[in-house]
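Please report on the local features of this model.

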Amino acid sequence: MAPYASDDSTTAAGEVDDLRSGRRKAARYIVPVAVVGVAAATIGLVPAIADSGDPDLPEITAQQLIEKIAQSDVQQLSGTFKITTDLGLPDLGGLESSLTSGAMGSGSGDGSSADPTAKLTELASGTHTLRVAVDGPDRQKLSLLENASEYSLIHNGKDVWGYDSKSNEVFHGTADEQRAGEEKTQEVPATPKDMAEEALKAVDDTTSVTVDGTAQVAGRDAYRLLIKPKQSGTTVGAITVAVDAKTGIPLKFTLTPSSGGAAVVDAGFTQVSFAKPAASTFDFTPPKGAKVTEEGELEGAAEAEGHRAPKSEGELRKELDKELDKELDKELGGRKSGDELGKAAHGGPEVIGEGWNSVAVFDTGGEGVPSGAEVGGDMGGFLDSLGDKVTGKFGSGTVFSTRLINALITDDGKVYVGAVDKDTLVKAADSGK
Amino acid sequence: MSRAEAVSPTEVISQRQAIREPSPLWTFGLLRSELLTTFRRWRTLALLAVLAAVPILVGIAVKIETSDGASMGGGGPQSGGPAFISQITNNGLFLVFTALAATLPFFLPMAIGVIAGDAIAGEANQGTLRYLLVAPAGRTRLLLTKYATTMTFCLVATLVVAVSALTVGALLFPLGDLTTISGTRISFAEGLGRALLIALVVAASLTGVAALGLFVSTLTNSGIAAMATTVGLLITVQILDQIPQLHAIQPYFFSHYWLSFADLMREPVYWDDLVKNLGVQALYAAVFGSAAWARFTAKDITA
């Protein structure tokens, strides 16, 4: 005979009692089910409740909002920043990084994982969390949070340090004092501002800029600035910039493609503070035993590969930004991005079209992409699956598409790149001939 | 279980006293006897010995690897091995973090699975469960005691790994100020404090598995089956956590945020994932704890 617990009443004799106690036993399972239910409701409802309250802010015109951004002179801030990039490229994960490091390694044989340029490609896809701390023009820190490790880029006075905690490697460069001063006006308050400025440069008859209500970003009240292309043919649907109502700092940047769906670039603060960051944040001494790579050591190797070794903090940041919104720079076209791209690539590109439909043209002088038939076999099939064959007045070529940027590589080695759809790209190639 | 049988008569005596004079300390008496039973088993001691051996192996391997002056994992971003392994040669304290990162995905939860899976099913298998229930402790209280014992084992197991790692680290490598993964420096004392905090977080990360194991343990009368099921579930969840197509449900896996303890080594500490981890563990403890209660209090005890 089984023993019974004191809180158990299964001593019942009749069948009715058995049934009743059976029900009572079953009723106990309501508790775990209820716990699951409450948890699911909490997970589902809390964000919705927290989301519902768009802040009430006085009406403001787009012009005033842009001025607000221009006037903002926040010198000190720190915060957590999240960037999600979804270009619709396959997630290459480890393959991608091994490819890039292979490229780095083959040229120099001595690449440092703490070299900032080596980190840039990682930002081009997926979701990343960054931390930003700024204290005036001389001290900034940008950290890329990774699994159980972190990559930090620290600018403190004359020194620029890159520290990769995963491999315990350090990159050291020096910031040109004068340059740092020069950058001051335009570069200081962190990434969203740079992005917004880029976007606002394109304000002309090709673009509509409006204030589209308000939003809460990182717990702060913000205006939403909506930038929409008026032209057709571009793959850019809309750009939304959430601007902090108090300080005029852009807090969130979203780029949605015209094809709809999830945002291509979604970058914004998840937490931000305008207090002075602790001075120790910017102190860095290379840890004992860390491999330190001086800037000069890399330069030779990097130049041989066609990369430029970053020379100053300003350029480091510029390069980083360029990677973040490379696509933006391109379609916002303008002289600036043209020049920058020119510096980075072989020979300066031509720009065809205007506004959102700008298409940059590079002449690689190469042979173009071999078609599947030429390569043959499985590899050929793979190449063909990556791009679409197109023909036009320009000859024939292959179009490689992402959700934002499309590129046409012609068989004679010309490359047309832009945030435009395929037809516009072909048209640009035709007109370029 | 011979020891449990040995304990039972004394329990019966103290239980009579409890009837006369209900003392709140009675629960602790039950807990104490459970703890003694658990930690005196050879099985438990063997598990702890295996856990203690992991940091020793890692420490010696790193020492041999770097004896020619080469740095560990200096091969760039792809260098394998658990987190923090490249730092060990510079500061022995990092061996604590490496050892915890190495044991958390498998060794620690497996040990917890064995203890938790054995908690009820093992007693039933040995035929000692009915004697435990003869004492008027009540099934709920017995279950709580079993869970508390498992949680204590979580903490002890984690501390065994941490202390063993610290000892090996101090013997083989230099100690001193350390660099956080954000690049800032903290004193050795603060580093030790963080190591302790990390050990506590790791122990807390295991409460979800412990509750799951206890629930499985109430389902069967075979201790081996309960252990195997718990460890099997553990492996399954870890595999599912690697499949990118399942990313929508992965945040609700008990193991998803386990390695977030490394965020305690950032400066400032990045709390987001740590809080999520503790939240998930609390959720698992609540759901499977209450499910275990529903099952155990309604179950016919036949063994």
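B:Asn277 sits in helix α11 of chain B, residues 272-298. Helices here are DSSP runs of H or I with at least four residues, strands are runs of E with at least two, and both are numbered from the N terminus. B:Asn277 is buried, because its relative accessibility is 0%. Buried means under 20% relative accessible area, exposed over 50%, and partly exposed in between (1.4 Å probe, protein chains only).

The side chain of B:Asn277 makes a polar contact with that of B:Ser205, at 3.0 Å. Such a contact is a pair of N or O atoms within 3.5 Å; within protein, one must be able to donate a hydrogen and the other to accept it, and residues adjacent in sequence count only if both atoms are side-chain atoms. Leaving out residues up to four places away in sequence, B:Asn277 touches B:Val201, B:Ser205, B:Tyr257, B:Trp258 and B:Ser260. Contact means heavy atoms within 4.5 Å.

The model is predicted: local features need pLDDT of at least 70, side-chain atom pairs count only at pLDDT 80 or more, and totals for chains, interfaces and linings use all residues. Residues are numbered from 1 along each chain as written, chains are lettered from A and ligands numbered from 1 in written order, and side-chain values use heavy atoms, without hydrogens and water.

Now the backbone. Most residues other than glycine have a negative phi, and most peptide bonds are trans. B:Glu267 and B:Pro268 are joined by a cis peptide bond, with omega about -5°. B:Pro268 lies in the loop between α10 (223-240) and α11 of chain B.
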